Amino acid sequence: MSTRHADALSALWPTHGLTVTDGERTPLDLGELFGREAPRVLEIGFGMGDSTAAMAAADPGRDYLAVEVHTPGIGNLLALVGEQGLGNVRVACGDAMELVHRLPPGSLDAVHAFFPDPWPKARHHKRRLIRPDNVALLRERLRPGGILHCATDWPAYAEAMAETLAADPELRNTYDGVAPRPRHRPVTKFERRGELAGRPITDLVFRRAVITPSERESGHESGRAG
């Protein structure tokens with residue numbers, strides 16, 4: 001890490017950091033973590049954190065919980081938090097899905113999974129973030145009407161993502177197929193790299209459906225877009 005990153009980590013981790021421990025299942029009190037009640041966004045795999053900081057700065061009414069395993073990226077995001085005075089960002093270090101297990105059901109306004117590792121080899125597909133069991137868990141953490149937004153620059157992964165998201169019984173595509181590139185999502189390093197390599201960028205935006213009690217009891221989960 002650079003001195004800037006190390007200094008930010010030392011100064012801000014006690015107040016803005018969260019260590020994710022594998023197997024820990026104690027429910028996380030998000031109100032206590034952020035010091036207020038507000039809609040919350042989970043940012044999975046934020047890289048160096050520049051995009052997360054930009055989105056949080058432009059969206060002060062929502063809290064951003066950003067999780068990453070890359071220590072220099074964590075240090076950089078904390079440096080940006082300090083430099084820009086971003087009170088609506090908390091940074092978690094560890095496995096994203098271990099963190100998700102600790103989040104209360106229905107506690108998130110949105111989940112962002114921007115350019116996760118595509119694990120292109122078939123034998124590694126089981127390591128992909130967007131797979132049925134993970135999607136079910138992420139969807140449960142969304143409020144009804146909450147958004148699961150994924151982006152990738154790998155066409156094969158984009159196709160697999162779309163199929164997996166569409167197969168979830170309580171998620172509805174907010175577009176007829178691929179979503180147009182949203183203005184609120186800053187261009188990331190991985191996106192630029194994909195574009196330079198000639199790979200198309202795919203955004204998929206799904207919403208957790210509103211399922212009525214009678215529909216749930218009857219097992220009918222066509223739902224309504226909420």
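Colleague: Which residue in strand 8 stands opposite isoleucine 147?
Modeller: Strands here are DSSP runs (E, at least two residues) and helices likewise (H or I, at least four), numbered from the N terminus. In strand 8, isoleucine 147 faces arginine 207.

Colleague: What kind of model is this?
Modeller: Residues are numbered from 1 along each chain as its sequence is written, and side-chain values use heavy atoms, leaving out hydrogens and water. Local features need pLDDT of at least 70, side-chain atom pairs count only at pLDDT 80 or more, and totals for chains, interfaces and linings use all residues, since the model is predicted.

Colleague: How many bridges join strand 6 to strand 8?
Modeller: Two strands pair if DSSP finds at least two bridges between them. Strand 6 covers residues 142-152 and runs antiparallel to strand 8. The number of bridges joining them is six.

Colleague: In strand 8, which residue is the bridge partner of arginine 172?
Modeller: Strand 7 (residues 171-173) is antiparallel to strand 8, with three bridges. Arginine 172 has as its partner in strand 8 arginine 207.

Colleague: How many of the seven residues of strand 8 are buried?
Modeller: Buried means under 20% relative accessible area, exposed over 50%, and partly exposed in between (1.4 Å probe, protein chains only). Strand 8 spans residues 202-208 and is largely enclosed by the rest of the structure, because the buried count is six of the seven.

Colleague: What separates the C-alpha atoms of arginine 199 and valine 41?
Modeller: Along the chain, arginine 199 and valine 41 are 158 residues apart. Between their C-alpha atoms the separation is 28 Å.

Colleague: Is phenylalanine 115 buried or exposed?
Modeller: Phenylalanine 115 lies in the loop between strand 5 and helix 6. Its phi is near 55°, a positive value in a residue other than glycine. Relative accessibility is 8%, so phenylalanine 115 counts as buried.

Colleague: What is phi of tryptophan 119?
Modeller: Tryptophan 119 is in the loop between strand 5 and helix 6. At 25% relative accessible area, tryptophan 119 is partly exposed. Its phi is positive, though the residue is not glycine, with a value near 40°.
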